[in-house]
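This report describes the arrangement of strands, domains and selected contacts in a protein chain. The sequence and structure are shown first.

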Amino acid sequence: MYPMEVVSYQNQMIPIRTNDPSQTGQARRRAVEIGKAMGFNKARLGELAIIVTEAANNIAAHAGAGEIVLAPWVFEGRAGMDVFALDRGPGIGDIDQAFEDGYSTAGTAGEGLGAMARLAESLQIYSAPNGGTALFARVLCEGNKPANELNPYGMGAISVPYPGELVCGDSWSMSHSEARTIYIVADGLGHGPLAAEASQEAIRIFQSIPEQSPERILMEIHNGLTHTRGAAIAVAEILHAKNIVNYVGVGNISAAIYTSGKTRNMVSMDGTVGHSVAKFQRWSYPWHTGKNGDKGSLLMMHSDGLTSRLRLEQYPGLASRHPALMTAILYRDFRRWNDDATILVSQGLPASGGEKR
Ligand SMILES: [Mn+2]
């Protein structure tokens, strides 16, 4: 079991607008700052800076407004940063063409989408006419791997604070072994530092006992959060050989399994972990492990900073793309803006990568 250390780096959301060029610089500086703290070397930091700058410039030039989200992660000894550029502008008409032309506004030859794709381990774009554009670029700390050695971090997660807050009251984590992968999403009551304290304590307890059952983990967290505000928490465990997901949820975390075009919501109980929980009820759901290019089932979990109406089905072709791209689009389109917002989408691990379109 390798606990996820992603909570040690805060996700960053930087709004981008055409009329404020300083925001692109801000996005680039934040990315470099976080990358430096994570151990990116100088060359890698330079490449990260190019990707973030290009992505931000593309938003400003083609959509007028949007946002850059920086989501650093550490998984099984690897580290990376997922860069998302999200807008609701007119969309890109011909994506293949855009890659060839060097869809760029930096004015420098060779620094368009094609160059970004070469620098990133994965780079994917989803664009719909009048539905906006979402770009996902994954930059690995140690540099790109050969195509036959794909990065196994086959998921995406975004966790950003309530606008104006410096810390996020939501937290998430995961742990992975050959037999199973287990995920937790925690939403500390309210927002701000006291919410963050509750959710981060939940993650700390999870990371100390990731091999336990979901019920046991939630019970331990319940006992450990009594001195905090409390939290809504859900734990989902994918058992790979058995093809099932065991799920225990308390409070307003939404979770669903998407298989072959259909979304199945999982059931959470009422209550507040740390304060009042009637019962830790476990529910089991079928899971389909993907193979040979078939993505199989997808797990989606999110806090109530996103509306529970979110549906993958409304985006043609999106379910076959990288889970991080799905995460980004659902975050962009279903965020409520009145709370911390956290969403993760995973295809169960290990997973694909290296796709560049
Ligand atoms: Mn919330």
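## Basis and conventions

Two strands are taken to pair if DSSP finds at least two bridges between them. Helices (H or I, at least four residues) and strands (E, at least two) are DSSP runs, numbered from the N terminus.

The model is predicted: local features need pLDDT of at least 70, side-chain atom pairs count only at pLDDT 80 or more, and totals for chains, interfaces and linings use all residues. Residues are numbered from 1 along each chain as its sequence is written.

## Strand E11 and its partners

Strand E11 (residues 253-259) pairs with strand E16 (residues 298-303) in the antiparallel sense over 6 bridges, and Ile257 stands opposite Leu299 in E16. E11 is also joined to strand E12 (residues 262-265) by 4 bridges, again antiparallel. In this second pairing, Tyr258 stands opposite Thr263 and Thr259 stands opposite Lys262. E11 and E12 form a hairpin with 2 residues between them, and Ser260 in the turn has a positive phi of about 45°.

A residue counts as buried if 20 or more other C-beta atoms, placed from the backbone, lie within 10 Å of its own, as exposed if 12 or fewer do, and as partly exposed in between. Because 6 of the 7 residues of E11 are buried, the strand is largely enclosed by the rest of the structure.

## The five-stranded sheet

E11 belongs to an open sheet of 5 strands in the order E6-E17-E16-E11-E12, with antiparallel pairing. Its edge strands are E6 (155-160) and E12, each of which pairs on one side only. The twist averages 15° from one strand to the next; angles run from 0 to 180 degrees between N-to-C directions, with axes fitted as lines to C-alpha atoms, for helices over the stretch in contact.

Helix H7 (residues 323-334) packs on the sheet and touches E6, E16 and E17, its direction making about 30° with that of E6. Contact here requires C-beta atoms, placed from the backbone, to lie within 7 Å.

## Ser346

Ser346 is found in strand E17 (residues 341-346). This residue is buried, with 26 other C-beta atoms within 10 Å. Leaving aside neighbours within four places in sequence, Ser346 is in contact with Gly154, Met155, Tyr183, Leu298, Leu299 and Pro323.

## Domains

The protein chain is divided into domain 1 (6-140) and domain 2 (155-346), with bounds from an automatic or database domain assignment. Their C-alpha centres lie 25 Å apart. The contact takes 16 residues from domain 1 and 18 residues from domain 2.

Conventions: Contact = placed C-beta atoms within 7 Å.
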